[in-house]
Structures are given as structure tokens and as C-alpha cells.
Amino acid sequence: MKSTYRPTNSKMFTNGPDEHVLPFGDSSTISRNIKSASQPTVNCEPDDLSSYLLQFYKLIPFFIFLAVISSAGSSYAKCREIIDTEGRTVAIPENIHRAVVLSGTCIETIYILGSLDRVAGISRSIIDSALCNFIPALKKIPVIAQSIRNINIERVLALKPDILVTMGPEHPLGMDRKTIKRLEECGIPVVLLNLESLDENYYSIELMGTIFGNERRAAELISHMKGIIGDIQGKLKKIDDTRRIKALYISGARPNYIAGGYWGKQDIRVLAGAHNVAKEIKLFMTTVSFEQISIWNPDVITISASAKYTAADVINDPHLRHINAVRQKRVYKHPREIAGLFTPRVPLLLAWHTAKFYPELMIDWAGITDKFFKKFYGVLYHGPRD
Amino acid sequence: MARETKGIVLFLLYASPLFFCITSVFVGPYSLTPAEIVDLIGKRIICSGQSVTEQAILFDIRLPRIILALLTGCALSASSACFQATFRNPLVSEYILGISAGAAFGASLSIATLGDELPVQLMAFAGGIAAVLLTYGMARIRGETQTLSLVLAGIITNAIFTGGNYIIRYFAEPEQLHVLIVWLMGSFSAASWKDISYSGPFIIAGTVFLYLLRWRLNLLSMGDEEAKAFGINTEKMKIVLLGTATLVTAAAISVVGIIGWIGLMVPHIVRLLIGSDNRRVLPASATFGAALMLMADDAVRMAKGVELPVGVLTTIIGAPFFAYLIRKSRGGVWE
């Protein structure tokens, strides 16, 4: 029994009955991968029982019999294929009982899908994030790696996972190819999910729904997210181009450590209707001189939740006192609870940004956040509300 | 070198900071013409507050940066000249006693783990001083501190703090890691009057103190036995000189991060130009170091957009330049 996962509830994934194009990345590679996966030769490792199942289909009943008598719950008994955000076709067991999840953006979705009990190991960086404030159960999951870049393969193998979910080499902070290859050689299917745009976010949620067998909840989450974002985008239409504000995002130890033009494939500030003044700098984060910030002269400054200074520090910084944003006191720090980028909470972050950029649109980001937290995390939102 | 030429060279070395200080005011990505700058200074003097942006760029961004670069260059070079004379070893730089490793450890601790409670500057300063105390404690045997045991203890301290630093880096979040790496490269990009008020008093007082003791460096550089013969308590003198130089260095790097090569290179260049009399080497190193540091910072400051940490530039340019000097002086620089 074998099936290829095809996202269904989104028009953008299907151009025709046989052609699947993802809305992001190099779609030609992705289609190529998908096409090659639909050929009779299967992309499974030679020692993988599933490939033998296909090639010796006549022996299927015998193998099923063997599988049933040897171990009733063997995960190799059934296999299906999914396509991750790097366009790789990955064969995964039909039922996932033990997953190792190294990416914080995915663990949240798994929690919302009610499948956190099936996560066997996570990375320290997930524990260290604000997620634990509203998903305390995360603290009970064994930590098996410091971060995606530092994993001990033996510790992963010791957990006997059915699947490993992480960010891949196409992401600046993702896992390297060598480690992925070694994990796969050890028989662990590796699903790479890089969430750098809204579409990748929706796709990964849908995929998680399929992997953990809760498509209904996944669809509910996506439709709620799309509802919030659609609402905001509708309101943003009232802002014409001449009124668009100039925004700068800062972080680190000093306020001249800024985010450049590369912040995922979609810039949340641009989504919230602003111009990113630093878009010419094709870097994730970098240091610029205060004179450069003076040249940009942003109208609003947003600060990362992890920055070592507060909005008040920036407003009182003599280097910046002449900047528009500081003069008008339009400097805001991300609330930790909704920070992070393309997580299921991205609509909340977008609502927060839009509310700060265009107060005249009267977007009640705290109300939206309250509702979202109650509905999907089962807890109240306790972060700042101003 | 003829007496007059030497006098001119010495004058140029002493006057260099002033020259670069004036030219640096006109350098920066935000274009300000000389006329505008003169106008701004004039307005500042008669207190007529106009054109907030230009005022801020000149007085809150450019000037503190220029002054901090001068102070840092002066601190690193003067303390290095002092270390090299005390240790009677030209390979010694301001980091020999473990100051840089200690400061880096303190800064890492603050950036990666402690959050907002303890500022980076304070932790880096404390780390640098703690490292030197450790080195000195290890090297002091039966009330005496041999130069060799100080160097060895310095190497051990360096290793201990570098190891600690690696552990912190390993466990740091990617974003914090980046901040940490940028700090370790040293930069004046966020220089402020507050930074100057932290480090300035230590640097100025320390350098003046070293200047007053400059002739004793000549005695110490002859060796412990000879210095004792002149009636100098070498043990006490070493503590005073190394303690002051440490304080000066730690004050500088705790604010700007670690900037390599300036400290090692400047006393060498000065000695090549004016000979090895510490009475002149120390002040000339202080002024020329300040000028060189400022020049290096001007180079990175001119760039629009992304700014390279100045420590990267001093290392990239400094190392080959040093090699060139050695070749040119036919190894004389080692003597």
C-alpha cells in the first residue's frame, strides 16, 4: 500500500491532474522531483522493505503475513510518500508513533494537532524559546540535541524514531546535507520543512496534518490563519502607496544591529504594508553605522524580542534621537509570546505589526491574539497588550 | 638617523592624532560638507538648535566615535609598549596576561546567558581583570614573579577562558552567537559619549601614569638583576606597571570588543622609527596608536550599508604589513 501525499485543499498546489507545482522556491526542481517520484523506480533506499514490496509485489501477501507475525506494529509494514518544502520526496511510515522534531516552527503545529505525545525528542533551542510559556508539556520531552547544527546521531537512533522533522540546508540555520544523508542511511526518514513564507507555512501545517493523521484540525488552523491575514490585507488596501511607512527592524546588543532585506522569502514588514528601509542589504542580520540609519530615517522601528535592550532604551539613545520613529516615539518591541517568524502564530505577529504601523486601521491585535491562544493553545495570552 | 630627522619624525608621531582627528570629522556615509560642519560647530557654540539630524550626526554619532577610536588606539598601543618593555619580549601584546580571553569570556557570558541584568561592558571588564589576577596568582611563587612564569601562566589562563568561551558559544542561540562573534571582532559602530565616560577616565589616567613611569621601563627592560642593582624594587614595579596597563587595556576592550594587531604592531613601528628608548617609545606609541586606530575606523566608516568590524580590518591589513616591516628591517624588528 503506497500513496503519495498531494496537498488538496489549496488551489496553488495543483495545476492539473498530474502536475503539482509548489508556490515557492524553484518550482521546476520540485516538479521534477515529483515527476521522478511518480516513475516506477522508487526513491527509497535499497535496504528499505518498501522498495522490495513494490518490486516483488507478488510477494506482498507473504510479506504482510511476515510483518504481522514478527511485529504487530512494525512501522515498515506500510509506507507513503510526502514532499517536503525542499521538494524532496520522502517515504515515511503510515503511522507515526515516535517523531524527533528539531524545528520550533513545526513543534507548535504538532501540539495544535494534539500529537505532542508522539514526539520522542526535541532540541534545546525549542525549550529555550517562549513556546514553553504556553506549551508547558514541551519541558517533559527529552532534549536530544543542542540545536539543529549540533546533533548526535547515536542519540537520535537510540530513540528509534519513525521520522525526523527539521529545517534543511536551504534554510540559513538548517541541517547540513551530510547529517541528513547519514540519518537516512540509518533508516530514518528526514522531512525538511523550511518555513520562510506564508505559503510554506500553510503547506507545512497541511503536511503535519497528513503525517500525524489529523487533517481536519490542520485545515481548521489554516482557515483561521487565512481568515486573520485576509482581514488585515483587506484593511491594508485602504492605505495607498504614498502613505506607506518606512520600517526598520533591529536586534542584538546594540540598536545598529539590523535585519536586512533577507528575512525569509516573505518580509513580514512588507506584508504589514511597510517599506523595509534596509531591503538593499541582502543579509539576514548585520551591523550598520548610525549614520546609515540616519540616511534611512525610518518612521517606525520594531525590536526583536531577543534584543538586549527595550523600546525605552532606543527612544533614549542619543545616536537615534533625530530619527523620525524615535521623535514620534514609534519604537516597539515584539512581545515574546508572538515573536518568531513563520509559525502558526504569524497572523498574530502580522496583526501586531499592522496595528503598530497603521493605528488608524484600528486592528485589535491583542483581541485577535486572545482568541487564537484560547482556540489553539487552550490558554490565555499573558504577554504585553499595549 | 640625523638628530633633526628624528626630531621631525617624533613630532609627526606626536601630532598625528590631531591631523587624523580633524580629517575624520569629514568622513562618513551621511554627507556633510566642510562648510556645513563649521556652521554646525558654530551653532553648537552659540547654542542655536537647528537641523536636529545634522547636529546628532556630528555630535552624537561622529565625534564620540572619533574620540573613542583615539582613546582605544592609545590604550592598546601604550599598554602594549609597557608589556613589551616589562617582559623584555617584542612578541608580547596586550593580551599576554589573558586579558582578551577573560574579557571575551565575560562578554560571552553577558550576551549569551545572563540577559539584561549585567551589561556587556561591565562583564568584559570584570573578565579581563579576573584573568590577569588568575595569571598573576599562578605565576607568583615564593613572593616572586619571574617573567617566564608570568608568560606561561598567561598561556594557561588564555586556555582556560578560551575553553569557557567555546562552551558558551556552543550552547548559544544562533542569533546571540552572531552578536557574540561581532563583539569579538571589535567595532566602534555604536560608540557613544556614555562609552567614553566608562572607559575614558581609566584610559587617560592609566596612560598618564604609565607616561610618568616611562624611565623605569628602561630599567626593567635591562632585566631583573640589573634593575635591582639600580635600587628598584622590581617586584613592586612590575605589579604597578602591569596592573596599570591591564586596567587601561581592559577599559578599552570592554567597550569596543577585541581589536587585534594594533597593540602588537604600533610599538614595533615606533621603535623602528625612533629607536628603543622607552621614554619616547611609550608616548609615541600612545599617539601614533591613536592615529592608526582612527585611520582604520575611518576606512570602515566610509562604507555605505554594511559595516565591517574594524578588528577585521586591523587584522587583515595589520598582519601582512607587519610581515613587510620585518622583511624591510631585515629582522631588526625582533631585536
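With 10 C-beta neighbours inside 10 Å, B:S31 counts as exposed (exposed is 12 or fewer other C-beta atoms within 10 Å of a residue's own, buried is 20 or more, and partly exposed lies in between, with C-beta atoms placed from the backbone). This serine sits in the loop between α1 and α2 (34-45) of chain B; helices here are DSSP runs of H or I with at least four residues, strands are runs of E with at least two, and both are numbered from the N terminus. From B:S31 to B:R214 there are 183 residues in sequence and 42 Å in space, C-alpha to C-alpha.

The model is a predicted one, in which local features need pLDDT of at least 70 and side-chain atom pairs count only at pLDDT 80 or more, while totals for chains, interfaces and linings use all residues. Residues are numbered from 1 along each chain as its sequence is written, with chains lettered from A and ligands numbered from 1 in the order in which they are written.

Chain B as a whole is built with 14 helices and 2 strands. Its radius of gyration is 20 Å, close to the 20 Å that the globule rule gives for 335 residues, so chain B is as compact as a globular protein of that length (the radius is taken over C-alpha atoms, and the rule is 2.2 Å times the number of residues to the power 0.38). Along the principal axes, the C-alpha atoms of chain B fill a box of roughly 65 × 60 × 40 Å. Of its 335 residues, 47% count as buried. Among the contacts in chain B with a separation of 6 or more, 78% come from residues 24 or more positions apart; a contact means C-beta atoms, placed from the backbone, within 7 Å.

Within chain B, helix α1 (residues 3-24) packs against helix α13 (residues 278-301) at an angle of about 25 degrees, with the axes 8 Å apart. Axes are lines fitted to C-alpha atoms, for helices over the stretch in contact, and angles run from 0 to 180 degrees between N-to-C directions. α1(B) and α13(B) are therefore roughly parallel to each other, the word for angles under 35 degrees.

Turning to chain A, the secondary structure comes to 16 helices and 13 strands, and 46% of the 386 residues count as buried. Most residues other than glycine have a negative phi. A:K160, however, has a positive phi of about 50 degrees; this lysine lies in the loop between α7 (153-158) and β6 (163-166). With 13 C-beta neighbours inside 10 Å, A:K160 counts as partly exposed. Phi is also positive at A:M362, near 55 degrees, in the loop between α15 (346-357) and α16 (365-377). A:M362 has 8 C-beta neighbours inside 10 Å and counts as exposed.

Finally, the two chains meet in a contact that takes 29 residues from chain A and 31 residues from chain B. On the chain A side, α5 (124-128), β11 (285-287) and α12 (290-296) each give two or more residues, and α12(A) gives the most, with 5 residues. That side divides into 10 nonpolar, 13 polar and 6 charged residues.

Key. Ala, Val, Leu, Ile, Met, Phe, Trp, Tyr, Cys and Pro count as nonpolar, Asp, Glu, Lys and Arg as charged, and the others, Gly among them, as polar. Angles under 35 degrees count as roughly parallel, over 145 as roughly antiparallel, 65 to 115 as roughly perpendicular and the rest as oblique.
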